Amino acid sequence: YETLSAEIDKIDLFVFNFQIARGFIYVEFAQRFHKPVAMIPHSCCEETLNTAALHARGHEAYAFYSWADYEGYLRALRTRKALQNTRVLVASRFSSVKSYGGTDNFVNLEEITNRLGVKFRNISVHELLDQLHEVDPYSNPTIPGRKGQNINAEDTVLAEKLADEFIANADEVRMDRAAIIDTFKAYVLVQKLMDHYECNAFTAPCPDLCSTRRFSEEKFTLCMTHSLNDENGISSACEYDINSVIGKVIMTNLSGKAPYMGNTQPCIWRDKQVEGEFAGIGYIEDMDRTQNIYYSGHATPNRLIHGFDSEKTAYSLRPFTHSGWGATMRIDFSQFRGETITLMRYDPLCEKIMVAKGTVLGGFGYTTTGCSEGVYFEVADKYEYFHKQAKFGLHMPLVFGDHIEDVKMLGEVLGMEVVTA
């Protein structure tokens, strides 16, 4: 026991290998040190016997059916640890809990900290925007006399370098270099603020900011910031959707891929006319074959949606606004037709997780502006999906591949019900 517990604070999971009549050591270890324990697969009769014994005594213990099962549980446990180490920089305007554009957010952030271990650091969106100016960092009107993290000449050079690299590698560029640089200045500032507040996730309320007209004055949006954060493994969500930030942390760690988040809605059509047609959503030929078509769309795709170690996906640069500012990355999802995607979201009380699977049918919005970028996908039952989703919310972060079982294992590790569709 002394040897096993010598560096106990550095160890997340103890995995035991023993045979018959040694279970009492395993049980007493868990009782002494209150650390998660598990047994290697194929340990004769011992896995079920001793796991049941510990569960009955209120201890965290795992039985692995196979080595593949073992790997799946390790991903789930690592994801739980990632949640416990997540600190979200939340830039709010009216409320620290919700945006006027997203009432389906978590109801109580303190409860999220209690349940998942996620911490939140708050700043005002006006404070953030004031620091976008290259001025004396003590002169910001929102924090007078306190030193801000304002961008400086060095930061501007970095933004220009990043913008030029992005322009050089794009398949198509449909906006001026100066407008792209303005967008990258915002990205650089957000990185400085996350470093300053020791955060590794980010969100801000786009609609609430739009209504101040300060986006219009500064000539940028945060779409590119979210896209690049996701590529860097920093979960980042638009519309102040803290729920989606947490969902991205989960899908990033379970899948090893950069997630994409968008308005996730069923397609409804009659006579080749889609109801509520807007922002690129329209009729596609698959609608003649099946009613089970959904879409998900936002101007925040990324180039590593197939994995952080994968080759970067081709992209173009287009403005968010019709007047030409607010650089966004555009990716043609049509090239991924036939691929599987997995989507998930917590309910607003953080009591349940919804996870669903779909098959990509095509894309939309590649050549447009605004939040029109997106993907069409087929689900098993659109009606069932919609009525289950209505209890969880609009945005459903997605990753490529089938990760349903990974999310189920995470639900088990977190002690949360998982709803599938």
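**Close-up views of a predicted model**

**View 1. The largest nonpolar core of this predicted model has 43 residues.** Leu116, Ile246, Ile250 and Tyr346 are the residues with the most contacts inside this core. Two or more residues each come from α3 (67-84), β4 (87-92), α4 (109-116), α11, β15 (340-346), β16 (352-364) and α13 (404-414). Helix α11 contributes the most, with seven residues. Apart from neighbours within four places in sequence, Ile250 is in contact with Thr79, Leu83, Met344, Tyr346 and Leu410. In soluble globular proteins, nonpolar side chains tend to be buried together.

**View 2. Helix α11 spans residues 242-255.** From its first C-alpha to its last, this helix of 14 residues reaches 20 Å, close to the 20 Å expected at 1.5 Å a residue. Because 14 of the 14 residues of α11 are buried, the helix is largely enclosed by the rest of the structure. At the start of α11, the backbone nitrogen of Asn243 has a side-chain oxygen of Asp241 within 3.2 Å. Gly256, just after the helix, adopts a positive phi of about 70°.

**View 3. Strands β6, β13 and β14 form an open sheet in the order β6-β13-β14, with mixed pairing.** Four bridges pair β13 (residues 316-319) with β14 in the antiparallel sense. Thr328 in β14 is the bridge partner of Arg318. Helix α10 (residues 223-231) lies across β13 and β14 and runs at about 50° to β14.

**View 4. Thr321 is located in the loop between β13 and β14.** This residue is buried, its relative accessible area being 13%. A polar atom of the Thr321 side chain lies 3.0 Å from the backbone oxygen of Trp325.

**View 5. Arg303 occupies the loop between β12 (293-297) and β13.** With a relative accessible area of 9%, Arg303 is buried. Its side chain makes a polar contact of 2.7 Å with the side chain of Glu231. When residues up to four places away in sequence are not counted, Arg303 touches Phe166, Leu228, Glu231, Glu311, Lys312, Thr313, Tyr315, Met329 and Ile331. The C-alpha atoms of Arg303 and Gly374 are 14 Å apart in space, while the two residues are 71 residues apart in sequence.

**View 6. An open sheet of three strands, in the order β1-β2-β3, shows parallel pairing.** The edge strands, β1 (14-16) and β3 (61-63), each pair on one side only. On average, neighbouring strands of this sheet are turned by 25° against each other, direction ignored. Strand β2 (residues 37-39) runs parallel to β3 and is joined to it by three bridges. Val37 has Ala61 in β3 as its bridge partner. Helix α1 (residues 23-33) packs on the sheet and touches β1, β2 and β3, with its direction at about 160° to that of β2. Helix α2 (residues 46-56) also packs on the sheet, where it touches β2 and β3, and its direction makes about 155° with that of β3.

Terms used: Residues are numbered from 1 along each chain as its sequence is written. This is a predicted model: local features need pLDDT of at least 70, side-chain atom pairs count only at pLDDT 80 or more; totals for chains, interfaces and linings use all residues. Side-chain values use heavy atoms; hydrogens and water are left out. Two strands pair if DSSP finds at least two bridges between them. Contact means heavy atoms within 4.5 Å. Axes are lines fitted to C-alpha atoms, for helices over the stretch in contact, and angles run from 0 to 180 degrees between N-to-C directions. Buried means under 20% relative accessible area, exposed over 50%, partly exposed in between (1.4 Å probe, protein chains only). A polar contact is a pair of N or O atoms within 3.5 Å; within protein, one must be able to donate a hydrogen and the other to accept it, and residues adjacent in sequence count only if both atoms are side-chain atoms. The expected span of a helix is 1.5 Å times one less than its number of residues. A nonpolar core is a set of buried Ala, Val, Leu, Ile, Met, Phe, Trp, Tyr and Cys residues joined through side-chain atoms within 4.5 Å.
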